[in-house]
Amino acid sequence: MSLHRHHSNRDATIQDAAFDGGLGSIPRHKLPQRTSDANAALEFVRDELMLDGNARQNLATFVTTWMEPQAVELIQESLEKNIIDKDEYPQSAEIERRCVNILANLWHAPEPTGGADAVGCSTTGSSEAAMLAGMALKWRWRARRAAAGLDATEPNLVMGANVQVCWEKFARYWDVEARLIPLDGATHLTPAQAAAACDENTIGVVAVLGSTFDGSYEPVAQIAAALDALAASTGLDVPLHVDAASGGFIAPFLDQDLLWDFRLDRVKSINSSGHKYGLVYPGVGWVLWRSAEDLPADLIFSVDYLGGSMPTFALNFSRPAAQVIAQYYTLVRYGFEGYRSIQQRSRDIAGAIAKGVADFGLFTLLSRGEELPVLAFSVSAPDGWSVYDLSHELRSFGWIVPAYPMPEGMAEIDVLRVVVRNGFTFDLAGMFLADLDKSVERLNGKVPDKVAFHH
């Protein structure tokens, strides 16, 4: 969550005749003294929210901004349900269990022995899922060190500088050295870099299936092979975690031959965001482990004060069941072919936008939507304006397109990134390219060659 600091009393009241018993003011940073009419409060808050951007034009976020009305209806009907209270809401718990097993099958987890369930749980998102996976890595490393009679005081986690900030948070919060490997000739971690950075204190390596910087996949199978070779030559047995926040719901449908999941013995855990390409509104994520032995038992708590004894592994306690139920809806509703069709369309639209951007002749594409439906591009030969200026111009048309520097090793390159999600159409893509054309025209002070868009 964002950290908000205390405001002064500047502009402390908002004038509105419907409030304060008709006196016409409401405090901005204090609780009102009187009760207000429900409809007046609704309209007041609704008017405030008009200043937010249009979510469908938000090309910055990976998070789902459109769901079917039937899914919204299910969410509305489930808002009061607490997923932690499995005794009171046993069917919601059953739905969570089914989702975990569906994902375990999708990600090729080994069949548990004795008919047991797959090992995993829902979370508030991939950030919490990453924290849980990181904790499991640290606890298992510490147990191995203790069994060998060695100290466990300087753990480190190896990952590329392109990882999402949640991994840096994990390292800081759980006292783990973050070995962030600078980019070197690639937009992501390479197998040689991963193996070279490991030592006896490495709790694991994180490979990213879908970088937030440019949408590219890291070579998970090659990283796993490099770690296998490291184990064979040195005895260092370093587990691999796959951060598939976005790719976990893309690769199984569009890149079925790509080895990145539990088919690789080196992969011990995977996290993904249901609220990204899992097609659910915010906040649901998932984390799965290869087997029960990869999730230390002392991280699991048994809670009995909600009516029944329930095992739980989470950073949060109470949280909504609604998004888990919505995830099950999408899995049941779309099935494999439905997900494949939706994700392929997103990838096709991203590719069409990439072609349109390339046709300007002004930009260098770092990615073209060929893995995640994401493209990143820089200005080829800056002539008085930058990607930051272009991002600002696009906002005047309602488009939110982030501009930022690439990670360490490529930090001299500034890019714009476009994320295509379910609900974004070819027509909207055409509108975006037309507005990109107008924005470039404004910045250049002249009319450039027009860009045709075909689909």
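Let me begin with the residue classes, in which Ala, Val, Leu, Ile, Met, Phe, Trp, Tyr, Cys and Pro count as nonpolar, Asp, Glu, Lys and Arg as charged, and the others, Gly among them, as polar. What we have here is a predicted model, in which local features need pLDDT of at least 70 and side-chain atom pairs count only at pLDDT 80 or more, while totals for chains, interfaces and linings use all residues. Residues are numbered from 1 along each chain as its sequence is written, and side-chain values use heavy atoms, with hydrogens and water left out.

A pocket, on a 1 Å grid over the protein atoms alone, is an open set of points with protein on both sides within 12 Å along at least five of seven lines, whereas a cavity is a set of points where a 1.4 Å probe fits but cannot get out; lining residues have an atom within 4 Å of a point. Grid points are joined across faces, edges and corners, and a volume is the space filled by probe spheres set on the points.

The largest pocket holds about 540 Å³ of space, and its lining has 14 nonpolar, five polar and six charged residues. Of the 25 residues that line this pocket, K86, E96, G120, C121 and P311 lie nearest its centre.

Two or more lining residues each come from helix 4 (126-147) and helix 5 (165-173), and helix 5 gives the largest share, four residues. By class, this second lining divides into six nonpolar, eight polar and five charged residues.

Now to helix packing. Axes here are lines fitted to C-alpha atoms, for helices over the stretch in contact, and angles run from 0 to 180 degrees between N-to-C directions. Angles under 35 degrees count as roughly parallel, over 145 as roughly antiparallel, 65 to 115 as roughly perpendicular and the rest as oblique. A crossing is left-handed if the near helix is turned anticlockwise from the far one by less than a right angle, and right-handed if clockwise, and contact means heavy atoms within 4.5 Å.

How do helix 2 and helix 9 meet? The axes of helix 2 (residues 69-77) and helix 9 (residues 322-359) come within 9 Å and cross at roughly 150 degrees, and the two are therefore roughly antiparallel. Helix 2 passes helix 9 in a right-handed crossing, where Q70, A71, L74 and I75 of helix 2 meet A322, A326 and Y329 of helix 9. That contact has six nonpolar, one polar and no charged residues.

Helix 9 also packs against helix 11, at an angle of about 20 degrees with the axes 10 Å apart, and these two helices are therefore roughly parallel to each other. Their crossing is right-handed, and the contact joins R345, D348, I349, A352, I353, G356 and V357 of helix 9 to F426, A429, F432, L433 and L436 of helix 11. By class, its residues divide into nine nonpolar, one polar and two charged.

Finally, the axes of helix 10 (residues 387-395) and helix 11 (residues 426-444) come within 9 Å and cross at roughly 120 degrees, which makes helix 10 oblique to helix 11.
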